[in-house]
Amino acid sequence: MPRVPDDLVAGIRATLPLQLGLIPFGLVAGVAAVDAGLSPLQAIGLSVVVFAGASQLAAVDLLAQDASLVVVVLTAVVINLRMSMYSASIAPYFESLRRRWEATCAYFLTDMSYALAIAEFTDDDETDRRWYYLGAAVTIWAVWQVATVVGVAVGASVPDAWGVSFAVPLVFLSLLVPELADRPRVVAALVGGSVAVLGAGWPLNLGLLGGALAGVAAGVVVEGRAA
Amino acid sequence: MTTTYGPLAVWAVVVAVGLLTFAIRYSFIYLLGRVDGVPPRIERALRYVPAAVLAALVAPAFVDPGPTAAATLLDPRLLAGVVAAGVAWTTENMFATLAVGMVTFWTAGTVL
């Protein structure tokens, strides 16, 4: 038996502090999916196939509101567009991998796995990138799936009156706050949020898409002024 | 609220979002060598996507314009949102944000 590579263990270990955020997030994703009327299999399928928490919550939320399917898909995909930046940023480190491994690594790419891997890769040239990355990313994946399954199991028994669905925007809020690192981003959030509130009654949940687009445009404009 | 969409529609959403998300994740890992990174203008716009989208998702859940200013401001959802934002800002901890936000929401809902 070959020894378990040290870098694999290092990758797994690096995820431990993140699990305090990951586990409740996964629980909420599971509960929210069941609350929205998804079957347990659909809820778990969503976590396995999409594997991107914020977009899962948004999709489930919009499905529960019976938004048009195009809006559901579009919103979820827009939320995940940020991952193209991660893809571009991490691509040079995966250059030596075979196609098959590249695709595998891509599937596991998340905010957390990207953040851990890029920090390690830029810090240490000697790291076995594939092992470190897979150690971190597959652990995050496994914890996410288990948390979702538990959420799905628990979700069916949680009474509506507890207002557990309110946990969803709170999760988004805790993802939003660290994003507000500079002025253009604060403006993007203020404009995006305001347009979404004004457009809350618009058909097809266009308030959300309109808010997102207006927010991005505002961020770009403010950045252009500052430069 | 519960969706009225049937299993076919739900699975279609799961598969469509899954495939498109994988395409986004794989995009530049796949393309590397053929292009030099993300075009700067796109990259600049992408930087603001998380803040804009998350705010657009969050704000309507906390701010529900009522008939009067007082009704809008004394909404348990808004109070919980403001308190949770403070916790998120100081701790950057999702669990703490969730816990304090939910407790505030329940407490304010009982008191108001």
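Begin by selecting chain A of this predicted model: its mean pLDDT is 89, and 95% of its residues score at least 70. Colour the chain by confidence and find two helices. Helix H3 (residues 40-49) of chain A has the highest mean pLDDT among the elements of that chain, 97, while helix H6 (residues 82-90) has the lowest, 83.

**Within chain A**

Stay with helix H6 of chain A and display the side chain of Arg82(A), together with that of Asp111(A). These two side chains meet in a salt bridge, with 2.6 Å from N to O. The pair links distant parts of the chain, since Arg82(A) belongs to helix H6 and Asp111(A) to helix H8 (residues 111-123), 29 residues apart. The two partners fall into separate accessibility classes: Arg82(A) has a relative accessible area of 9% and is therefore buried, whereas Asp111(A), at 33%, is partly exposed. Over all chains, the count of salt bridges comes to 7.

**The interface of chains A and B**

Next, show both chains and select the residues in contact. Chain A contributes 84 residues and chain B contributes 67. The area buried between them is about 6800 Å², and carbon and sulfur atoms give 78% of it. Polar contacts are also present: 16 residue pairs across the two chains, both residues at pLDDT 80 or more. On the side of chain A that touches chain B, helix H10 (residues 167-176) of chain A supplies the largest share, 9 residues. That side of chain A divides into 58 nonpolar, 17 polar and 9 charged residues.

**Salt bridges across the interface**

How many salt bridges cross the interface of chain A and chain B? There are 2. To see them, select Glu223(A), Arg44(B) and Arg47(B).

Arg44(B) pairs with Glu223(A), the closest N and O atoms lying 3.5 Å apart. This pair runs from helix H2 (residues 40-47) of chain B to helix H12 (residues 206-226) of chain A. Arg47(B) forms a salt bridge with Glu223(A) as well, at 2.9 Å from N to O. Here too the pair crosses between chains, from helix H12 of chain A to helix H2 of chain B. Shared partners join Glu223(A), Arg44(B) and Arg47(B) into one network.

Is Glu223(A) buried or exposed? Its relative accessibility is 16%, so Glu223(A) counts as buried. Arg44(B), at 29%, is partly exposed, and Arg47(B), at 30%, is partly exposed.

**A last stop in chain B**

Finally, select Phe28(B) in helix H1 (residues 7-31) of chain B. Phe28(B) is buried, with a relative accessible area of 14%.

Definitions and conventions:
Residues are numbered from 1 along each chain as its sequence is written. Chains are lettered from A and ligands numbered from 1 in the order in which they are written. Side-chain values use heavy atoms; hydrogens and water are left out. Contact means heavy atoms within 4.5 Å. Buried area is the accessible area (1.4 Å probe) that two parts lose on being put together, summed over both. A salt bridge is a side-chain nitrogen of Lys or Arg within 4 Å of a carboxyl oxygen of Asp or Glu. A polar contact is a pair of N or O atoms within 3.5 Å; within protein, one must be able to donate a hydrogen and the other to accept it, and residues adjacent in sequence count only if both atoms are side-chain atoms. Helices (H or I, at least four residues) and strands (E, at least two) are DSSP runs, numbered from the N terminus. Ala, Val, Leu, Ile, Met, Phe, Trp, Tyr, Cys and Pro count as nonpolar, Asp, Glu, Lys and Arg as charged, and the others, Gly among them, as polar. pLDDT is the predictor's confidence in each residue, from 0 to 100. Buried means under 20% relative accessible area, exposed over 50%, partly exposed in between (1.4 Å probe, protein chains only).
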